[in-house]
Amino acid sequence: MTTLTKTLELKLVEPNAHKRRKLRETREAYQQALHDAFDAGCTTQTEANDVVVNYKLSGYAKNALKKYVPQLTTTYNAGELHDAHPVRFTNEGLRLDHKPENAIEWYVKIPHHEDYHLWMPAQPNPEQRDWLEALNAGDATMGESRLFERDGTWYLHVTATRDAEGGSEVSDEERTPIGVDIGEASLVTVCHRDDHGCPTAPELWADEGKTVRRLRKTYFTATRRLQTRGSERIAESFGDDLWNQIDDVFHRVTREVVDYAESVKNPVLVLENLTYIRESMDYGEYMNRRLHGWGFAKLHAQIRYKAVEKGIPVKTVNPRNTSKECHACGEVGYRPQQATFKCTNDACWMGEYQADVNGAVNIADRYLSGESRFREHENDDDSAEDGGRLTAPQDSQADATKQETLGTYAS
Ligand SMILES: [Zn+2]
């Protein structure tokens with residue numbers, strides 16, 4: 001078991017004038033306390049405490065100063081202390097809250113002074129979403145945090161740690177890709193191919209999909225009714241409760257997905273790349289058959305950090321057509337019903353297939369190349385066994401067009 005540590009970056013979102021003033025007050029009090037303790041040459045926590053205790057600061061900032069000042073005075077030779085020190089808080093100072101129903105999803109509680117704190121909306125670095133999910137679930141530990149202003153914007157940097165299992169020394173080719181499909185009907189579907197290449201052991205979380213849909217619907221109808229009655233507070237706490245229930249479902253399902261992966265030899269979990277999805281032209285269409293963006297990102301982030309805890313690698317692939325292609329022949333088919341995929345290729349043995357499982361297999365099949373294996377195949381220059389292309393000129397033309405489209409899409 002190893003420990004991962006990271007500095008998480010959060011940007012405070014447009015604090016109003018009142019909150020800006022409070023942040024500046026905290027910073028000024030902190031700077032004065034720091035300078036005074038430094039100028040007094042405090043070399044122990046006790047000495048530093050005697051100086052900083054009188055300042056209008058939270059215990060978290062004072063405790064951080066008590067630790068920090070002796071480090072400074074013993075490391076630097078009483079040199080000048082510059083002004084740009086961030087405000088430090090000890091580990092218990094900050095609190096994080098997640099409200100996926102809001103446009104700004106994350107909130108941080110920043111200590112101001114004794115018994116007074118500020119809750120502020122914050123925008124995290126999107127790359128660090130898995131860390132926030134882990135912190136929010138208590139699966140990562142928050143360390144010291146630093147508050148500072150740069151070019152008029154306030155930031156928080158938070159040190160976080162969590163456990164990770166070292167991965168096994170297996171090459172990419174030796175791994176078994178497990179496709180993870182996230183959807184509206186079945187919340188998550190996983191599947192992989194066995195040693196003979198046959199799709200095997202599909203698992204669907206369909207009841208959970210139903211539960212989440214019901215909770216979301218309750219949320220939207222009930223909170224709207226409460227809000228029109230002016231019961232904003234009740235609406236908010238009711239909403240929080242429902243989203244917590246959804247989050248509980250998410251955590252259970254993502255744990256079970258990682259358990260599934262653990263039961264497979266040399267597993268790698270394969271997810272669809274969210275960046276592609278965001279940049280894709282048919283984003284709206286894509287999301288319509290999905291959860292809203294938040295659910296998708298949340299499930300991904302939870303799977304990621306839980307997989308890391310177990311030493312299971314995670315890879316992302318191009319999501320284009322994963323739900324539309326036939327996993328057996330690559331033909332683009334259709335869904336006569338939500339849960340059914342129908343292949344339109346007469347020469348294909350498949351006919352009908354469970355739609356979500358078909359999607360999961362397609363995702364798994366993109367593991368090594370990142371792309372559909374059929375499209376890869378079309379683009380092969382075919383120099384192997386058969387000696388030369390069998391395609392007619394107009395087909396080559398069609399291939400070239402396809403490739404171009406793909407290139408634009410992937411860039
Ligand atoms: Zn087919």
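Here are my entries, one topic at a time.

**Model.** I am working from a predicted model, and I keep that in mind throughout.

**Zinc.** I started by asking which atoms hold the zinc ion. The protein donors are the SG atoms of C326, C329, C343 and C348, lying 2.3 Å from the metal.

Next I checked the geometry. The four donor atoms subtend angles of 99 to 115° at the zinc ion, which makes the arrangement tetrahedral. For reference, I noted that the ideal angle for four tetrahedral donors is 109.5 degrees.

Are these cysteines buried or exposed? I looked up C326 and C343. C326 counts as buried because its relative accessibility is 0%. C343 is at 9% relative accessible area, so that residue is buried too; the cut-off is under 20%.

**Three-stranded sheet.** I then followed the strands β13, β14 and β15, which form an open sheet in that order with antiparallel pairing. β13 and β15 are at the edges with a single partner strand each, so one side of each has no neighbour in the sheet. From one strand to the next the twist averages 40°. Three bridges link β14 and β15, and in one of the pairs T340 has Q354 of β15 as its bridge partner. Helix α10 (residues 355–365) packs on this sheet and touches β13, β14 and β15; its direction makes about 80° with that of β15.

**Five-stranded sheet.** Another open sheet runs β10-β9-β8-β11-β12, with mixed pairing. β9 (residues 188–193) and β10 run antiparallel, joined by four bridges; R193 stands opposite P199 in β10.

**Cores.** Which residues have the most contacts inside the largest nonpolar core? I found L12, I110 and L147, in a core of 44 residues. Helix α1 (residues 17–39) gives the most to this core, with seven residues. I listed the contacts of L147 beyond four places in sequence: among them are L12, L23, F89, I110 and W154. Apart from this core lies another, of 29 residues, including L187, V188, Y260 and I312.

Terms used
Residues are numbered from 1 along each chain as its sequence is written. This is a predicted model: local features need pLDDT of at least 70, side-chain atom pairs count only at pLDDT 80 or more; totals for chains, interfaces and linings use all residues. Side-chain values use heavy atoms; hydrogens and water are left out. Two strands pair if DSSP finds at least two bridges between them. Helices (H or I, at least four residues) and strands (E, at least two) are DSSP runs, numbered from the N terminus. Donors are N, O and S atoms within 2.8 Å of the metal (3.2 Å for Na, K and Ca); water is not among the atoms, so sites may look incomplete. Four donors count as tetrahedral if all angles lie between 85 and 135 degrees; four count as square planar and six as octahedral if opposite donors are over 155 degrees apart and all others between 65 and 115; anything else is irregular. Buried means under 20% relative accessible area, exposed over 50%, partly exposed in between (1.4 Å probe, protein chains only). A nonpolar core is a set of buried Ala, Val, Leu, Ile, Met, Phe, Trp, Tyr and Cys residues joined through side-chain atoms within 4.5 Å. Contact means heavy atoms within 4.5 Å. Axes are lines fitted to C-alpha atoms, for helices over the stretch in contact, and angles run from 0 to 180 degrees between N-to-C directions.
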